[in-house]
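Please look over the sequence and the structure before going on to the notes.

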Amino acid sequence: MAEPKKMVLELAGHEVAVSNPGKVYFPRAGVTKLDMVRYYLAVAPGALGGVRGRPMALKRFVNGAEGEPFFQKRAPEKRPDFVQTVELSFPSGRTADEVVVTDEAALAWVINLGCIDLNPHPVRAADLDHPDELRVDLDPVPGVQWPQIRDVAMVAAGVLADYGLTGWPKTSGSRGMHIYARIEPRWEFGEVRRAAVAVAREIERRAPEIATSKWWKEERHGVFVDYNQNAKDRTVASAYSLRPVPDVRVSTPLTWAEVPSCDPAEFTIGTVPERFARTGDPWAEMDEAAGSLDGLLELAASDEAAGLPDAPWPPHYEKQTGEAPRVQPSKRRSGGAGGTGRRQSTMPLIEIARAETKDEAMAGLERWKARYPEVWPRLEPADVLVDAMRGRSSLWYRIRLNLRHVPEAQRPPQGPLEVDYDPWAGLRP
């Protein structure tokens, strides 16, 4: 019997059409669009708790190669009357109407678009200028194992508690962990980010061997505490979001008692609905735990008085007052008397590939490895810098190697790129 081309669900007093319900989004797991809709409805009280009333960046996914993340593009703007929107303004000066999910009908409509995960802003539609969440994003550098991420999460919990906030942990559904702290909506984005910088630096002070607040990849080790996820226009996958990975993991809220032994592979589209029905939502009381940023802002002021500059902002932001140089250390210009003013390398970086796809870039790296078999074993995972770069309409990929662990006499020189893709070809005069 042929698969139906459309199903209609009655949700929150509205009819929601699910088109092509049998379309497979996750080939390895055999998960269809209808499976995703049913998943979100099964965990709707928790999922709505993370997104209700918040403007949300919609990303529609289409199938890529099996086992690879799915390609993202903006969802269409056409919407039914029961789906609300609000206009957001961004640091770039542009504006956008973004969806505000309020009930199960709007939630199912979003998933029907092919939006696998949900990415809300940390503000409510009623007040777009004052976040009510501080977000601690723990992002491991390559080679860091899960137990180290859990250890840093426990340090982060202590930092937040010592400065008057309650942390709420969840798996990211990918490689890291997120910790949210509900805050009173009294501070603007810049102040919340300033508090997040203070959190990141304090975590690094308490656990310098396993955590870092360093923005530049070439300086990082261990688990990076990404303070810039609190800058305006940044979004993070919400609680109970499915993630575009082959085993369909879920960004799952946890209790702190679960964190020291949790395994993110256990939380998938197939297991989380039963867990939710059995234990409920560990974050159900979050809204009653809003705290103050006063303590963290005092810590930030203390750091500044001690001579610490503002940490680097994302590249598309204007230069901020008090910000550290926004250039990677290996490319900073030499200052001082007698200097030439030319860029002086502080890290022995070489570039391997610039490619249209990640697969092409990694193939170029494999060719380089074959040419330098005596060098490759000396590199640590964190020495391989794979960057997804913004192009004119899509991402492209760059691979660099940090040769800091290779004796100077054995370091290969910068040679022709293994893959030399130009994302701006045809656009230059």
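How many helices and strands are there in the protein? The protein has eight helices and 19 strands, where helices (H or I, at least four residues) and strands (E, at least two) are DSSP runs numbered from the N terminus. This is a predicted model, in which local features need pLDDT of at least 70 and side-chain atom pairs count only at pLDDT 80 or more, while totals for chains, interfaces and linings use all residues. Residues are numbered from 1 along each chain as its sequence is written, and side-chain values use heavy atoms, with hydrogens and water left out.

**Overall figures**

- Of the 429 residues in the protein, 48% are buried; buried means under 20% relative accessible area, exposed over 50%, and partly exposed in between (1.4 Å probe, protein chains only).
- The accessible surface of the protein is about 20,300 Å², and 50% of that surface belongs to carbon and sulfur atoms. Areas come from the Shrake-Rupley method with a 1.4 Å probe, and for residues only the protein chains shown count as cover.
- Among contacts between residues at least 6 apart in sequence, 68% join residues at least 24 apart; contact means heavy atoms within 4.5 Å.

**Strand 11 and its partners**

- Strand 11 covers residues 133–140, and seven of its eight residues are buried.
- Strand 11 runs antiparallel to strand 13 (residues 177–182), with six bridges between them; two strands pair if DSSP finds at least two bridges between them. Leucine 138 has methionine 177 of strand 13 as its bridge partner.
- Strand 11 also runs antiparallel to strand 15 (residues 223–225), here with three bridges. Proline 140 has valine 223 of strand 15 as its bridge partner.

- An open sheet of four strands is ordered 8-9-5-10, and its pairing is antiparallel.
- Strand 8 (84–89) and strand 10 (119–120) are at the edges with a single partner strand each, so one side of each has no neighbour in the sheet.
- Strand 8 is joined to strand 9 (residues 95–100) by six bridges, and the two run antiparallel. Glutamine 84 is opposite valine 100 in strand 9.
- In a regular strand the side chains alternate between the two faces of the sheet.

**Aromatic pairs and charges over rings**

- There are seven aromatic pairs. Rings of Phe, Tyr and Trp (its six-membered ring) pair if their centres lie within 6.5 Å; planes under 30 degrees apart count as stacked, over 60 as edge-to-face and the rest as tilted.
- Tyrosine 180 and tryptophan 283 have ring centres 5.3 Å apart and planes at 45°, so this pair is tilted. Tyrosine 180 is in strand 13 and tryptophan 283 is in the loop between helix 6 (272–279) and helix 7 (294–305), so the pair ties together parts 103 residues apart in sequence. Both tyrosine 180 and tryptophan 283 are buried.
- Tryptophan 215 and tyrosine 227 form a tilted pair, at 6.0 Å centre to centre with 50° between the planes. Tryptophan 215 is in the loop between strand 14 (211–212) and strand 15, and tyrosine 227 is in the loop between strand 15 and helix 6, so the pair ties together parts twelve residues apart in sequence. Both tryptophan 215 and tyrosine 227 are buried.
- Trp215, Phe224 and Tyr227 are linked into a cluster by ring pairs.
- Arginine 94 lies over the face of phenylalanine 90, at 4.1 Å from the ring centre, and arginine 193 lies over the face of tryptophan 313, at 3.8 Å from the ring centre. A charge sits over a ring if NZ of Lys or CZ of Arg is within 6 Å of the ring centre and within 35 degrees of the ring normal.

**Cysteines**

- The whole structure has zero disulfides, a disulfide being a pair of cysteine sulfur atoms within 2.5 Å.
- Cysteine 115 is buried at a relative accessible area of 1%, and cysteine 262 is buried at 5%.

**Single residues in loops**

- Threonine 235 is in the loop between strand 15 and helix 6, and is buried at 17% relative accessibility. Not counting residues up to four places away in sequence, threonine 235 touches Ala57, Asn119, Pro120, His121, Arg135 and Gln229.
- Alanine 12 is not a glycine but has a positive phi of about 50°. Alanine 12 is in the loop between strand 1 (6–11) and strand 2 (14–19), and is partly exposed at a relative accessible area of 48%.
- Asparagine 20 is not a glycine but has a positive phi of about 45°. Asparagine 20 is in the loop between strand 2 and strand 3 (24–26), and is partly exposed at a relative accessible area of 44%.
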